[in-house]
Amino acid sequence: MHVLLKDEPGRKVFLLGNEAIVRGALEAGVEVATAYPGTPSSEIPDTFYALSKECDVYFEYSTNEKVALEVASAAAIAGMRSICSMKHVGLNVAADPLNTLSYTGVKAGMVIVTADDPSMHSSQNEQDNRFYAKLSLIPMLEPSDPEEAGLLTRLAFDLSEEIEMPILLRTTTRVNHTRGVYPYHDLRPRRFQGHFEKNPMRWVPVPGVARKLRLVLLERQKTAYAAMQRLGLDRLEGSGDLGIITSGVSYSYVKELLDEFGAAKDVQVLKVTSIHPLPEKQITEVLSSCRRVMVVEELEPYLETEVRAMAQRLGSKAEISGKAPGEIPRHYELSADTLRPAFARFLERDFAPKSHPKAPQLPPRPPMLCAGCTH
């Protein structure tokens, strides 16, 4: 039996982030899994394919991301828990059904994994898919490590079913392709009791129906915010009049650098897990109690823009820093090394740049494509 299929609660297994997502879905009783593979998400469908030979989960490599999302959403509309995974650019292909699915919602839990690729290790661009959550008004969660990736996947199914909306799970390369210890939970039995209930006033969003569903969607934003607040996904740690707001894998770099500078007890750190809707209550608390706030995030200044807007509405006097030129880079992956100068300025500490052995220049090579890749 595959290790991910073992029903051994409490067992701790060293899993790749993508494998932890699969295990989290299995613990939630997922019944249908679809995907169009693309790095850094590829191990999710590869693992489901291997598992589908040993268990009753329905899995398919779909023709493209749009089809993958439509099949998974059809299952969730019919009452079967489903997960759909793709890389960041794949969500561009699936954007048409995505932005309508937010109007109709779903009946059973549904998770959509979108894996961003900072530094473009295997991609043609470096787009930040957090903006898709704001565009579609679909709730989004972002894990910071493999353990949290699995736990949030499991939790997302219950949250999705409660608010009758799909949940976006946004990962980045270092979460997908890092290994970490994941503690097993009970495997929920799969129901396989799919039944489509005909209801044109919900499932057929022609203009007259969509106008009514738009109002329902806006109300669901309030429901989603209340549910996320109740779950306590966003952590505020530490104390002091300096604040850091961060999300995803950047949280790990923040903790590492605060320890390095000996400032872990002197700074408030807000770890944002619910990317949409944002935890306004906790962000307000940081802005109200800190004289300076730094926003640490990979790629675009998504959080920073929202924090600045919130500060303006509050009349906050806090000095906010982040992606401005000369501070935190807006391009490529972050790391402790790239963030160290910004932290030294923020904490008003001296630091000596670390020297690293110079690696030999590797010969250039063209990118490797997966076997059978239609691109």
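How do the residues of the lining of the largest cavity divide into nonpolar, polar and charged? Keep in mind that this is a predicted model, and start with the space itself: a search of the whole structure turns up 1 cavity of 30 Å³ or more, and its volume comes to about 40 Å³. Around the largest cavity you'll find Arg130, Glu142, Arg170, Thr172, Ser247, Gly248, Val249, Ser250, Glu297 and Glu298. Sort that lining by class and you get 5 charged, 4 polar and 1 nonpolar.

Now for the open spaces. The largest pocket has about 850 Å³ of volume. It is lined by 32 residues, and if you want to find its centre, look for Thr39, Lys87, Ser122, Leu369 and Cys373, the closest ones to it. The lining of the largest pocket splits into 15 polar, 12 nonpolar and 5 charged residues.

Next stop is the second largest pocket, with about 240 Å³ of space. Three elements each bring at least two residues to its lining: α10 (207-231), β12 (274-276) and α13 (302-314). Of these, α13 gives the most, with 4 residues. Among the residues lining this second pocket are Gln221 and Tyr225, Ile275 and His276, and also Tyr302, Glu306, Met310 and Arg313. Lys134, Pro277, Leu278 and Glu280 line the second largest pocket too. By class, its lining holds 6 nonpolar, 4 charged and 2 polar residues.

Methods
Residues numbered from 1 in each chain as written. Predicted model: local features only at pLDDT ≥ 70, side-chain atom pairs only at ≥ 80, totals over all residues. Heavy atoms only, no water. 1 Å grid on protein atoms, 1.4 Å probe; cavity = no way out; pocket = protein on both sides within 12 Å on 5 of 7 lines; lining within 4 Å. Points joined across faces, edges and corners; volume = space filled by probe spheres on them. Nonpolar A, V, L, I, M, F, W, Y, C, P; charged D, E, K, R; others polar.
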